[in-house]
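The sequence and structure come next.

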Amino acid sequence: MDTEQELQEKLEEEQREGKKRDGFKGEKMIVLPTEAFSDYVSHPMVRRLYLTDVGYFPKATHHYRERRDGAEEYIFIYCTEGKGEIYVDGKKFTLKEDEAFCIPRFRSHRYYACEEDPWSILWVHFKGEDAGYYPVEECRIVRFTTANATNRMLFLFELLFRVLEGNYSLGNFIYISQVLSLILAETYHREKRNSAMEQNKHVTSIVRYMQSHLNENLTLEQLEEEFGLSKSYLNVIFKKHTQHSPMDFFIHLKMREACRLLKITELYVYEVAQRLGYRDQYYFSRIFKKVVGVSPNEYKYGDYYHYKE
């Protein structure tokens with residue numbers, strides 16, 4: 001088994017000697033003559049995001065490419081099987097099945113298929129005014145975790161090939177631009193279902209835990225220890241799903257329960273405060289008024305049945 005250094009030297013030697021294959025069985029590659037259609041490229045609906053090249057290399061044995069000065073376009077690579085190595089400014093990334101990676105413009109890079117399990121890749125070179133709205137400068141691998149997500153990517157690339165095999169009309173240029181934006185949005189902006197479900201599961205579990213501990217003064221540290229989740233993660237998922245921090249959300253739950261107790265029981269304000277873990281009635285009253293908008297007594301004896309969010 002060759003070492004990584006030996007493999008790299010072998011690939012570079014093959015490239016210098018012209019031993020690298022000129023093509024791969026079943027490959028597709030289309031270079032869009034954007035210079036000949038500059039009027040189309042300058043169209044407001046095209047210039048925002050447009051591709052210059054697109055291709056598919058199946059089982060790309062000995063595939064190797066190096067650009068020491070980088071490229072004028074962003075290079076988006078989606079691996080459908082196998083694996084390969086990508087280096088950007090000397091930093092190594094291993095791209096595997098159902099993963100995507102974008103090489104930023106003008107950044108020194110090289111990439112190649114792994115010898116023992118060469119990748120199959122769909123790729124596109126692109127640029128445009130809207131490229132900056134996607135995290136294409138971050139140099140990170142994005143993994144697709146569901147069959148539906150991978151099927152959508154394959155379908156979108158198939159759309160590109162289908163349209164590019166037709167006429168070079170303005171309408172097709174606009175259509176291609178829209179499909180490219182969908183590919184990038186699918187990669188970077190579409191919520192990953194598994195991740196979202198996992199976050200929602202955590203939030204649900206924590207909210208139920210909070211509801212069963214309304215008589216206590218929980219802290220973020222306690223939640224961190226109880227659920228084995230970091231403070232930063234807890235803050236992120238609660239902000240995302242509830243628009244509140246964990247502790248702020250807990251206080252709102254307490255005040256909802258305070259409203260219920262004030263309305264349906266004969267408990268005094270200090271008794272409600274004690275039931276909810278507040279030793280200081282006046283501190284409880286200040287929190288209540290801040291969250292609900294009126295004092296506990298005003299709420300208890302007034303025509304209030306809800307509170308502001």
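## Terms and model

A residue is called buried when its relative accessible area is under 20% and exposed when that area is over 50%; values in between count as partly exposed. The model is predicted.

## Aromatic pairs

Counting rings whose centres lie within 6.5 Å gives 19 aromatic pairs. One of these is formed by Y87 and Y112, which are stacked, with 6.4 Å from centre to centre and 25° between the planes. Y87 belongs to strand β5 (residues 83-88) and Y112 to strand β8 (residues 109-113), so this contact ties together parts that are 25 residues apart in sequence. Y87 is buried, at a relative accessible area of 7%, and Y112 is buried as well, at 1%.

Y209 and F227 make an edge-to-face pair, with centres 5.5 Å apart and planes at 85°. Here the partners come from two helices: Y209 from α5 (residues 193-211) and F227 from α6 (residues 220-227), so that distant parts of the chain, 18 residues apart, are linked. F227 has a relative accessibility of 27%, which means that F227 falls between the 20% and 50% cut-offs and counts as partly exposed.

## Aromatic cluster

Five residues form one aromatic cluster: Y278, Y283, F284, F288 and Y299.

## Charges over rings

K28 is placed over the face of F161, 5.0 Å from the ring centre. For K300, the charged end sits over the ring of Y301, at 6.0 Å from the centre of that ring.

Methods
Residues are numbered from 1 along each chain as its sequence is written. This is a predicted model: local features need pLDDT of at least 70, side-chain atom pairs count only at pLDDT 80 or more; totals for chains, interfaces and linings use all residues. Side-chain values use heavy atoms; hydrogens and water are left out. Rings of Phe, Tyr and Trp (its six-membered ring) pair if their centres lie within 6.5 Å; planes under 30 degrees apart count as stacked, over 60 as edge-to-face and the rest as tilted. Helices (H or I, at least four residues) and strands (E, at least two) are DSSP runs, numbered from the N terminus. Buried means under 20% relative accessible area, exposed over 50%, partly exposed in between (1.4 Å probe, protein chains only). A charge sits over a ring if NZ of Lys or CZ of Arg is within 6 Å of the ring centre and within 35 degrees of the ring normal.
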